[in-house]
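Try each one before you read its solution.

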Amino acid sequence: MPYDAAMIGVFDSGLGGLGVLADIRRLQPRADLVALADQAHAPYGDRPPESVAAWTHAAADHLVGLGCDTVVVACNTASTVALASLRAARPDIAFVGMEPAVKPAAGSTGTGVIAVLGTTRTIEGPLLASVVQRFGAGHRVLPIALPGLVDLIEDGLVDGEAAGRLLSARLAPALEAGADTYVLACTHYGFARHRIEEVVGAATVIDPAEAVARQALRVHPEAAAGGGTLRLLT
């Protein structure tokens, strides 16, 4: 059975979407929220795009069936693969997706070198290429995949030695290239921000979660009249 009407649904392959969810709750405590994590298939980063699209559409259908008229696709990989087809399939639903934050990074970098950190699918996908083309002119944008980091976050091991070794090895080329701005292009990576900052030092780390939360509330003004309910599904 559907729950309350006019809820905001937040979907991710796993725990990453909780960062966006927390920002929505902080910005509008009265918002009625339901979050769905597809941990059965996580992580999405190295999955076939056809599978990711099918899982994302299934999740959206489930959230709409529960009464959500706004759905946040809080997953860069799912946004890359399925956001356009979701909007085409359900024009009556407001879909808010993730986009690598190259535009604000271009406005804040001093060296002109920006590192974009994401899953393999996001780093190799057309969405990042489009964003770099639109907003990265005159800058050097380094796409860096961090395979395995999502698994460590899901397993609660982000503070362990394995995560430190992974980040040190993967971020070394960006440090050597003089990157002073790092874009988190995976919602999971917000939970590893403190570890990333340990490696990159004084560089700026940009997490778009709050900007996405603000956009969700802009397209869902009914949130201010909600009851502040929260449901978590996995």
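**Exercise 1.** Work out which residues of H2 are buried, and what covers them.

Solution. Helices (H or I, at least four residues) and strands (E, at least two) are DSSP runs, numbered from the N terminus. Next, look at the cover, which includes strands S1 (7-12), S2 (33-37), S3 (68-73) and S4 (94-97), plus helix H3 (76-89).

A word on the source: this is a predicted model, where local features need pLDDT of at least 70 and side-chain atom pairs count only at pLDDT 80 or more, while totals for chains, interfaces and linings use all residues. Residues are numbered from 1 along each chain as its sequence is written, and side-chain values use heavy atoms, leaving out hydrogens and water.

**Exercise 2.** Check the span of H2 against its residue count.

Solution. H2 covers residues 49-65, which is 17 residues. The expected span is 1.5 Å times one less than the number of residues, so H2 should span 24 Å. Its end C-alpha atoms are 24 Å apart, which agrees. After H2 comes Gly 67, with a positive phi near 115 degrees.

**Exercise 3.** Find the strand order of the open sheet.

Solution. The 5 strands run S4-S3-S1-S2-S9, with parallel pairing (at least two DSSP bridges between two strands). At the edges sit S4 and S9 (230-233), each pairing on one side only.

How values were computed: Buried < 20%, exposed > 50% of the residue type's maximum accessible area, 1.4 Å probe, protein only. Contact = heavy atoms within 4.5 Å.
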